[in-house]
Every structure is written in C-alpha cells, then in structure tokens.
Amino acid sequence: MLPRLIAAPSFVALTLAAACAQAAPRDIGKFYAQNCAQCHGRNLTGGVGPSLMDDQWIHGSGDDALAKVIRDGVPDAMDGFRDELSEAEIRAMVVFIRERRAGFSSSENRATRPQPTETVPSELHAFKIETVADHLSTPWGLAFLPDGRLLFTEKSGELRIVERGGVLSDPIRGTPAVRDSGQGGLLDVAVHPHYAENGWIYLAYSDPATRDGEAVSLTTIVRGKIRDGAWVGQQTIWRAPLEFYRPGGGVHFGCRIVFDRDGYLFFSHGERGRQDDAQNVKLPNGKIHRLHDDGRIPEDNPFAKQPGAFPSIWCYGNRNPQGLAFEPGTGVLWETEHGPRGGDELNIIRRGANYGWPVITYGMNYNGTPITAITAKDGMEQPVTHWTPSIAVCGIDFYTGDAFPRWKGNLLVTALAQQELRRVVIEGGKVTHQEILLKDLGRVRDVQTGPDGAIYVALNQPDRIVRLVPAK
Ligand code: HEC
C-alpha cells in the first residue's frame, strides 16, 4: 500500500490542477492579479518579468506567441501555466493583455469631449464638424431620400426628416409601436432603390408582443410611405412567428437594412443574447437575411429548400451585426458585428456561409471568463479584420461623395463604446490602413455619405446628428 500512498500527492495535485481548469469560470483579470502581477507588475509594466505594455517582445508579439509563453513558460525564467489555465483561459489572458495595452477597461465610461468648432486636421483632408440636428433621443439610423432630405430614426420610436433647409420635421405620425427597452426600439430606416417611382420606405424595429402573459419582442421589418407627415400604406415585409420572439427588452436585435444592385433586401438580425441560436438555421436570430423588396423569399436563398430552416437566411453564425454596406464597384457585401469583450468583426458576407459565433471568436465574456480557445475552424469564415479590444463597432458606409476626393471608396466605420468614426482603407478585400477621424465626441451609431458629399454621423450621448464638411 505504501508506494501507492507516496505516489498519491502528485496524483492529487494533477487532478486538482485539471479540475481547476474546468471549474467555475474565472475572471481572467483576477487570475492575472493573483498569479502574474508579482513578476509582471499590477499594471503589466514589468518587475522581475518584462513589461507586457511596451513593444519589446522577446518571444514574439502575435497572439500565438503570447499564448505559447503563457502555456509553456520559459526555462529558468517563468513556469508555464498549462496545468492552471485551460486553453480558453489562455486565449482570454491574451485578450486581457491586448485590452490593457490599449488602455482599455471594460467598466470604463469614456469621457466625452465638447464638439470642436475649429478645423480638425487628418491625414488626407482637414474638415469641420457641423451640427445638423440636436436635442434628439438616441438617433439610430440615417437614410437619404433622392431629393436630398435626410430621414432618421430615434430609438424611442420616432421617424423624422431633416428638410433641405435644415429644418427638423415633427415625428412622422402613425409609425409602428415599438418596444423601446434594452437595445431594442425603432432601429434602421432604408429607402427603396426606386423610391422616386414607388415611395417605399423601410423600417426595422423591435416588435412588441405578448406570449402567455409575458412581454416578448423580435426585430421586424415593415415598409410604408410618408404622406402629409403621416406613415401610410404599411406592409409587413418580415415578421417571425410568435414562438421565435424572445423576452422583451434585452440585447442584440441587429438591425441594418441594405439593398443590392438587383434590388434584393438584406437585413441583419442579432442573436438576442442566445449565443447558440446563431448556429441553428431553424432560428431567425444571429443571421443575415435576404428578401425580395416586397418580403417574398428568393428561391435561390441558400436554405430556402432545407426542411425546417428559416428560408430567408442568407448566412449565419453572426452575433450582433449592426453594420451592412455594399462596396461600390465590386458589389461585395461588408458587415460589422459586435463581438463580446474583444473580437468585434469586419466580415465579407457570402451566401450560405457560417461566421462562427460562438464556436469561434477572438473575444471573451464581459466578466473576464473565456468563451472558447479557438479563433478559427474549418467551414467557418474568418473576419477580414477584428478589433480586440472591442470598439463596439456599429453602422458602416462606403464613402461615395466628391467633397473628400481622397477618401473615395474608403469604408467609414462607427464605434459606440470607444466613440469613434474610423476611415478604413480596403484594397482587394483587405484592410490596408485605418485612421480615427472622430474620437470621444459621443457614441457613434451610424454614418452615411450625403448627396452633398458631406459625411453624416448619428451620435448618442449627447444625441445629435452632425456632418463632416471640407475645411476651406
Ligand atoms: C516568477 C515570475 C513570473 C511569473 C509568475 C509570470 N511570469 Fe511571465 N515572464 C517572466 C519572465 C522572467 C519572462 C521573460 C522570459 C525571457 O527572458 O525569455 C516572462 C515572459 C512572459 C511573456 C513574454 C514576454 C515577451 O517579451 O515575449 C508573457 C506574455 C508573459 N510572461 C505572461 C505571463 C502571464 C500572463 C503570467 C501569469 C499567468 C506570467 N507571465 C507569470 C516571469 C514571470
């Protein structure tokens, strides 16, 4: 018996370590404080071990290089953590280090600066920021009518117009009731490509309903026309059966609406906080959908003939896509989607493809616990780029105007939490450069090129619409 007893301690230690790795999820930031800070410093700036904040990497700067040192350690310098940390936790530790390097803290409420009145310099064009409309209530979606008037939604349920002289209309009467709760409310607005002939305007919103006495909601798409300040002739374009609705309020509704050159309507639908739903093509949430402009299902949709599948689905595995834009010239559909904590994505959307959420992601949970160790898998799309730490990526638009000639064709990208408007240069389907044009002027929710070539931006907190115009 004795030899077995002697062997026991190391056996116990091993099982304990293995059990630890699978035990209750841990906040990786706390794990750092308890197990790494004594050598790398509380603020990651170094001590016995090197700083993890500077740009001097002994073992390489990539995610894989960091993960390898954390897992395997360095002989005579640092013990590896392969027995203490699961692979998913090692991935979370890499995200944590990236966040700290970017000066990011998930609980941080960024300060907002006053809007500059003077000229703002940038790499290629100096610009001024002009207020188009203010004292609004969470402006959400922007869309221009062919005559140059600007339609916009407010999350609380109002659809309004900025007339050509800059006058702000009253809310359009008779728009659908919405459930303005959590991230839901009145969401996007889009104008039919042949609006001049047919007058159709599309709205996306969280549809308020009741099921077994419980308040539930889901994103719905309708179209209607504006006549004498009123919303008339409404038709439902897409509405899921009640069984698919989720408890009211809550998170991840999507929702952007865009039309392609052939007039098909695409809209994005968040997974409503039920991450596994994104992989299930029998459920509408966590997907991008494609319809005819009147709501009919195109016969060549990828799942149209699959029994039980939601026939409007164009692609799946999307977490909370809030940006959609067709690239001029190529007709390629680009999408931005909110990752969890880390892993905000820019994707090229392809028919029938799986974007991987939550099987693969570059992010971790908000509470610092891991989601998964893997960032890539066969049969799942990789983002063109990802933002880790998260910027809370939102609406996008390709710049098509003439006012800023050197920005033509660039993708304008908005960000809520990090309060940014970015100019993203895309060449041959790749991101080659990024510049932050606006920073800390409020949460940036949507962007559109105006017919005048100015760049129109919906800002929240404070709630307003501004435009970027060239400085003289
Ligand atoms: C006993 C001290 C000690 C502890 C504890 C420790 N490290 Fe280290 N770490 C070091 C030293 C020393 C090095 C440099 C090794 C070398 O010179 O190659 C290092 C290197 C690294 C590197 C690579 C740095 C580079 O420049 O390439 C990373 C990343 C890292 N540690 C992360 C961690 C994390 C995360 C933890 C906790 C889970 C941790 N370390 C715990 C001492 C420590």
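**Entry 1: the sheet.** I looked up an open sheet of four strands, which lie in the order β20-β21-β22-β23 with antiparallel pairing. Strands here are DSSP runs of E with at least two residues, helices are runs of H or I with at least four residues, and both are numbered from the N terminus. Two strands count as paired if DSSP finds at least two bridges between them. The edges are held by β20 (393–398) and β23 (430–439); each has a single partner strand, so one side of each lacks a neighbour in the sheet. On average, neighbouring strands of this sheet are turned by 25° against each other, direction ignored. For such angles the axes are lines fitted to C-alpha atoms, for helices over the stretch in contact, and angles between N-to-C directions run from 0 to 180 degrees.

I note the basis of these entries. The model is predicted: local features need pLDDT of at least 70, side-chain atom pairs count only at pLDDT 80 or more, and totals for chains, interfaces and linings use all residues. Residues are numbered from 1 along each chain as its sequence is written, and side-chain values use heavy atoms, with hydrogens and water left out.

**Entry 2: the pairs.** I followed β21 (residues 411–415) to β22 (residues 420–427) and found five bridges in the antiparallel sense. L412 has R423 in β22 as its bridge partner. From β22 to β23 there are eight bridges, again antiparallel. Here L421 stands opposite L438 of β23. The hairpin of β22 and β23 has two residues between the strands, and G428 takes a positive phi near 55° in it.

**Entry 3: the domains.** I then looked up the division of the chain, which gives domain 1 (2–101) and domain 2 (127–470); the bounds come from an automatic or database domain assignment. Their centres, taken over C-alpha atoms, are 39 Å apart. Domain 1 brings 13 residues to the contact and domain 2 brings 14 residues, where contact means heavy atoms within 4.5 Å.

About 1100 Å² is buried between domain 1 and domain 2, and carbon and sulfur atoms give 66% of that area. Buried area is the accessible area (1.4 Å probe) that two parts lose on being put together, summed over both.

**Entry 4: the salt bridge.** I found a count of one salt bridge between domain 1 and domain 2. The term needs a side-chain nitrogen of Lys or Arg within 4 Å of a carboxyl oxygen of Asp or Glu. R341 and E99 form a salt bridge, with their closest N and O atoms 2.8 Å apart. On the side of domain 1 that touches domain 2, helix α5 (residues 87–101) gives the most, with nine residues.
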